[in-house]
Amino acid sequence: MRFANPQALWLLTLLPVLVVGLALRFGWRRRLIAGIGHHAQIAKLTASVSHTRRLIKTLALVGGFALLILALARPQAGERTTLAPYEGIDVVVALDFSKSMLARDAYPSRIERAKAELARLIDSLRGDRIGLVAFAGDTMSYPLTTDYSAAKLFWRDLMPADMPLGGTAIGKAIVASVKLLKAVRGKGPPRSQVILLLTDGEDHESEPIEAAKEAAKLGIRIYSVGIGSRSGEPIPELDGEGKIIGYVSQNGKPVTTRLDYQTLEQISNATHGKYIEMEPRQFGVEPLIKALDKLTRSEIKSRLIKHYDDVFAWLVAPAFLLLLLELGLTDRRKVPQHGSGSNSTEQTA
């Protein structure tokens, strides 16, 4: 036996107050009658009062209210368990904000196209918690939330020029993403946790493979999304208004950004994730949505849910019967008319 609304049980503390109030009322009536002072008349008035019936009425009133309070607390019985899947997953999206993401092989640029497509991805989520990591040479993070509108605002106006340090530190992005996922573990039912890593650059400094292996130890999977051309694309230089004023060069030669798909494949393989390559001119998040849907359906473990049957109806019916008894039962009893019986005998005689 359990109560679904145990807060209502505190009302039982009012029953002693009711009993004391009834006792005081009976005492007040007795003193009121005694104050009349004519003992013969008082005896005649009280001869028909049944103290047994009065006690029954009191017990019926108190018992009825007690049963109603217990019914209000919703007693439940008949425990049984069923298996139900957990809904939702934890997702951290790590998006590359290095200068190479300014390349124009995707319209209007890789970074702007990626942000627009990720906004569509966020709109497709249902019950998933999402966190964000913007990275270049260092990282900026937004904690996991189900407030998708707020999440999209995080990097709506963010650009590579806003990052405190240039470069492409994929390893740091993975470490920051893992930190966000660890922060929500134990808060609510356990969920599958994944990192969506979107980048176009090479990383020779932050040891991304080692970072991926550490994520794998925690059961976190990484879906690497490669954005960009394998053949290379020049990196534009922008002015304060976002217009191209030239291209990044080194020793008089233009610097190109080339997709390092092999590193991204190793990152995903290390975590039993998946590598997805996006053609810049056909970039869309549908493959990511399908991958997340598949994970949600097949890889989230089931949990036991306890079910109980409400039994408050078994208390409501007797409660109303007791209250009806209190209302319908009179505390008066029939008194034999000895005087009239004697007179009839005498007349007969």
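Colleague: How many helices and strands does the protein have?
Modeller: The secondary structure comes to 11 helices and 15 strands. Keep in mind that this is a predicted model.

Colleague: And what share of the residues is buried?
Modeller: Of the 349 residues in the protein, 39% are buried.

Colleague: What about contacts between residues at least 6 apart in sequence?
Modeller: Among those, 80% join residues at least 24 apart.

Colleague: Switching to helix 3 and helix 10: at what angle do they pack?
Modeller: The angle is about 155°, and the axes are 8 Å apart.

Colleague: Left-handed or right-handed crossing?
Modeller: Helix 3 passes helix 10 in a left-handed crossing.

Colleague: Which residues make the contact?
Modeller: On helix 3 they include Ile56, Ala60, Gly63, Gly64 and Leu67. On helix 10, Leu315, Pro318, Ala319 and Leu322 are among them. By class, the contact has 16 nonpolar, two polar and two charged residues.

Colleague: Now helix 7. Which of its residues are buried?
Modeller: Helix 7 runs over residues 208–217, and its buried residues are Pro208, Ala211, Ala212 and Ala215. Seen down the helix axis, they fall within an arc of 100°, so they line one face of helix 7.

Colleague: What covers the buried residues of helix 7?
Modeller: The cover includes helix 6 (170–183), strand 7 (221–227) and helix 8 (261–270).

Colleague: And which residue with positive phi follows helix 7?
Modeller: That is Gly219, with a phi near 75°.

Note on methods: Residues are numbered from 1 along each chain as its sequence is written. This is a predicted model: local features need pLDDT of at least 70, side-chain atom pairs count only at pLDDT 80 or more; totals for chains, interfaces and linings use all residues. Side-chain values use heavy atoms; hydrogens and water are left out. Axes are lines fitted to C-alpha atoms, for helices over the stretch in contact, and angles run from 0 to 180 degrees between N-to-C directions. Helices (H or I, at least four residues) and strands (E, at least two) are DSSP runs, numbered from the N terminus. A crossing is left-handed if the near helix is turned anticlockwise from the far one by less than a right angle, and right-handed if clockwise. Contact means heavy atoms within 4.5 Å. Ala, Val, Leu, Ile, Met, Phe, Trp, Tyr, Cys and Pro count as nonpolar, Asp, Glu, Lys and Arg as charged, and the others, Gly among them, as polar. Buried means under 20% relative accessible area, exposed over 50%, partly exposed in between (1.4 Å probe, protein chains only). The arc is that of the directions from the helix axis to the C-beta atoms.
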